[in-house]
Amino acid sequence: MADTVDPQGGGIVNYLFDPAHWSGADGIPTLIAEHLLYSLIALAVAAVIAVPLGIYIGVTGKGVFMIAGLANALRALPSVGLLILLVLLISPAFPSRMGYVLPSLIVLVLLAVPPILTNTYAGVRAVDAAAVDAAKGMGFRTMKILTDVQLPCSLPLVLSGVRSALLQIISTATIAAYISLGGLGRLLIDGKAQNDYSQMVAGAVLVALLALFFDQLLAFITRRVVSPGLTRRTIKSAPEAEPVKTPVTV
């Protein structure tokens with residue numbers, strides 16, 4: 001009979017610390033690696049799409065309807081339903097495993113685009129107009145204003161959008177297992193099929209821990225790459241040299 005969850009959670013602990021679950025092609029490290037592979041590819045593709053588009057809309061003011069309309073519509077898409085639809089449409093054209101990988105990545109990309117797009121747009125639009133005018137007065141051209149003023153000032157919001165997108169991707173990438181792919185979702189799908197609740201809860205715990213780890217990692221990166229003046233951090237200045245005392249002769 002499959003394991004069940006006991007009140008003390010011993011079944012979950014036993015599952016996680018069982019060496020048999022940490023080796024082999026279906027081991028936890030392999031599932032984590034597959035989960036991260038799907039997540040990071042989807043995040044990279046979404047960033048390549050959403051960041052330039054958000055910058056363009058923020059600088060020119062054109063296509064603002066995409067922020068309010070398209071981005072919100074993408075958020076409302078049912079992930080599992082869209083995944084099944086894309087598998088039915090795409091898999092006949094790809095007899096290999098790519099017929100299932102590609103639909104999963106498309107769903108994750110569509111999920112990640114809205115937060116990156118809206119935050120990039122908001123970050124560019126929130127740049128102080130006085131700073132932009134000062135750069136123009138110094139003779140900066142449009143591209144130099146963008147790279148030296150607008151992008152550095154909007155970086156906190158852009159990274160916040162990337163952080164939010166990655167958390168959503170990691171938590172949603174479990175749906176890849178629904179169409180027989182890998183990742184930590186395998187623990188949920190296989191555990192449900194076997195009525196192994198310890199395996200299911202262990203999978204959920206690992207997904208949560210993975211999301212928390214990358215949340216803290218991106219928070220750390222943000223603190224390091226964003227200007228201290230924007231985050232209101234103080235920079236420890238070097239101690240001032242003591243004045244040299246000259247002896248007074250009488």
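Reader: Which helix gives the most to the nonpolar patch?

Author: Helix 4 (residues 79-90) does, with three residues. The model is predicted: local features need pLDDT of at least 70 and side-chain atom pairs count only at pLDDT 80 or more, while totals for chains, interfaces and linings use all residues. Residues are numbered from 1 along each chain as its sequence is written, and side-chain values use heavy atoms, with hydrogens and water left out.

Reader: What makes V80, I84, L88, Y178 and I189 a nonpolar patch?

Author: Like charges are joined within 9 Å, and nonpolar side chains (Val, Leu, Ile, Met, Phe, Trp, Tyr) within 5 Å. V80, I84, L88, Y178 and I189 form such a patch on the surface, with about 440 Å² of accessible area together (Shrake-Rupley method, 1.4 Å probe; for residues, only the protein chains shown count as cover). Y178 is located in the loop between helix 7 and helix 8.

Reader: Why is S180 called exposed?

Author: Exposed means over 50% relative accessible area, buried under 20%, and partly exposed in between (1.4 Å probe, protein chains only). S180 has 64% relative accessibility and therefore counts as exposed. S180 lies in the loop between helix 7 (142-172) and helix 8 (185-193), and its phi is near 70°, a positive value in a residue other than glycine. Most residues other than glycine have a negative phi.

Reader: Why is N195 called partly exposed?

Author: The relative accessible area of N195 is 45%, so N195 is partly exposed. N195 sits in the loop between helix 8 and helix 9 (197-225), with a positive phi near 55°.

Reader: How many helices and strands are there in the protein?

Author: There are 10 helices and zero strands, where helices (H or I, at least four residues) and strands (E, at least two) are DSSP runs numbered from the N terminus.

Reader: What makes up the lining of the largest pocket?

Author: A pocket is an open set of points on a 1 Å grid over the protein atoms alone, where a 1.4 Å probe fits, with protein on both sides within 12 Å along at least five of seven lines; lining residues have an atom within 4 Å of a point. Among those lining the largest pocket are G58, R125, K136 and Q150. Helix 7 supplies the largest share of this lining, three residues.

Technical notes. Patches are made of residues with over 30% relative accessible area and no salt bridge: like charges are joined within 9 Å, nonpolar side chains (Val, Leu, Ile, Met, Phe, Trp, Tyr) within 5 Å. A salt bridge is a side-chain nitrogen of Lys or Arg within 4 Å of a carboxyl oxygen of Asp or Glu.
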